[in-house]
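Please find below my notes on this structure, arranged as numbered points for a colleague who is new to it.

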Amino acid sequence: MASSFPSTFPSSEQVSSLLKNQSTVVNGASSGVADAPFYRAIGDEVEVFRAAARRGLPVLLKGPTGCGKTRFVEAMAHELGRELITVAGHEDMTSADLVGRFLLKGGETVWVDGPLTRAVREGAIFYLDEVVEARQDTTVVIHPLADHRRELPVDRLGTTLRAAPGFQLVISYNPGYQSVLKNLKESTRQRFIAIELGYPSPEIETEVVAHEAGIDTETASALVKLAYAIRNLDGSPLREVSSTRMLILAGGLAAEGLNLRSAVHAAVVEVLSDDDDVIRALDELVNTVLPQ
Ligand SMILES: Nc1ncnc2c1ncn2[C@@H]1O[C@H](COP(=O)(O)OP(=O)(O)OP(=O)(O)O)[C@@H](O)[C@H]1O
Ligand SMILES: [Mg+2]
C-alpha cells in the first residue's frame with residue numbers, strides 16, 4: 001500500500017540527476033535558454049496554440065517527421081514563458097516513467113517525481129512526443145489531466161494532484177504511421193484540440209532552410225524545389241518523403257563546401273531508400289531539378 005512507503009522527498013539535485021536518465025529534455029524559461037527558438041508559422045497554428053494555452057486546453061500536434069512539431073512547441077513555450085518538459089514515447093514506457101516511482105538511494109527509499117508529475121506541480125508544458133509509441137495503459141494516466149478535472153492521480157502516493165496554473169499537455173504523432181490506428185484511442189484524442197502541421201509553402205520552407213542551414217536563398221530554394229518534386233512523385237515507393245529536416249541537413253553539408261548534388265545524395269536520397277533502383281531514380285530526379 002502506498003502509505004506504507006516512507007514519504008521522504010528527494011532534493012532537487014537528486015531529482016534532476018535521476019531525471020537525466022529518463023530521456024527527458026528540459027528547455028525554456030527556467031533552464032536559462034534566453035534566445036527565442038526560430039519558428040516560422042505556416043498557418044494559424046500560433047494563434048490556435050495561444051488560445052488553447054489561455055484556456056489550458058491540451059493540444060494534439062499532427063504531422064510527418066521533421067516538419068517542425070518540436071520546434072513549434074519550443075517556440076510557444078518560450079513565448080509563453082513556460083518551462084517545457086519533453087518525453088519521447090516508446091513501447092516500454094510505463095505510467096511510472098511518467099508519474100514517478102520510489103527509488104532506493106543511499107539506503108533510503110525516496111519518491112522521485114516523474115516528468116509528468118513535475119510538469120503538473122510546476123505548471124510547465126508537458127510534451128509527449130510520438131504518443132502512439134506508448135502503450136494505451138500508459139496514455140490513460142493523461143486522461144484526467146486532459147479534461148476539465150486537470151488532475152493527476154498518483155496512486156503510489158495515495159494522492160491526487162491538481163495541475164498548477166500554466167500546466168498544459170501537448171502530444172504529437174505522425175498520422176502517416178499505421179500504428180496510430182490501433183494506438184490512439186478515441187477517448188484520448190477527443191480530449192484534445194488538434195493542430196495539423198504539414199510541410200510549409202515553398203516560400204516559407206525556403207526561408208526556414210536558408211536560416212537553419214546557413215545557406216543563401218537561391219540554394220535553399222533549389223532544395224525546396226527538389227523536395228516538392230519528391231513529395232509529388234506519382235506512385236512513389238517511399239515510406240516517407242523529403243522532410244524540411246532533411247533539406248536542412250543537405251543544406252548544412254552544402255554550407256560546408258560540399259557540391260549540392262553530393263549533399264543531397266547523402267542527406268536525402270540515401271536516407272529515403274535502400275533500394276538501388278529507387279536510389280537511381282531519385283538521383284536522376286535530383287540531376288534534373290538541381291543546378292550542376
Ligand atoms: N516552421 C518552421 N520554422 C522554423 N524551423 C523549422 C520549421 N519547420 C521545421 N523547422 C526546422 O526543421 C527541423 C526539424 O523540425 P522538428 O524537429 O521540429 O520536427 P518534428 O516535426 O518534431 O519531427 P519528429 O516527428 O521527427 O520529431 C527543426 O530543427 C528546425 O530546424
Ligand atoms: Mg519532434
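1. Which of the 20 residues around ligand 1 come nearest? They are Thr65, Gly68, Lys69, Thr70 and Arg71, where a residue is near a molecule if its C-beta atom, placed from the backbone, lies within 6 Å of it. Two or more residues of this shell come from each of α3 (69-80), α10 (202-213) and α12 (244-255), helices being DSSP runs of H or I with at least four residues, numbered from the N terminus.

2. The model is predicted, so local features need pLDDT of at least 70 and side-chain atom pairs count only at pLDDT 80 or more, while totals for chains, interfaces and linings use all residues. Residues are numbered from 1 along each chain as its sequence is written, with chains lettered from A and ligands numbered from 1 in the order in which they are written.

3. Helix α5 (residues 115-122) is mostly covered, with 6 of its 8 residues buried, that is, with 20 or more other C-beta atoms within 10 Å of their own. The buried residues are Pro115, Leu116, Thr117, Arg118, Ala119 and Val120. After α5 comes Gly123, which has a positive phi near 70°.

Terms used:
A residue is buried if 20 or more other C-beta atoms lie within 10 Å of its own, exposed if 12 or fewer, and partly exposed in between; C-beta atoms are placed from the backbone.
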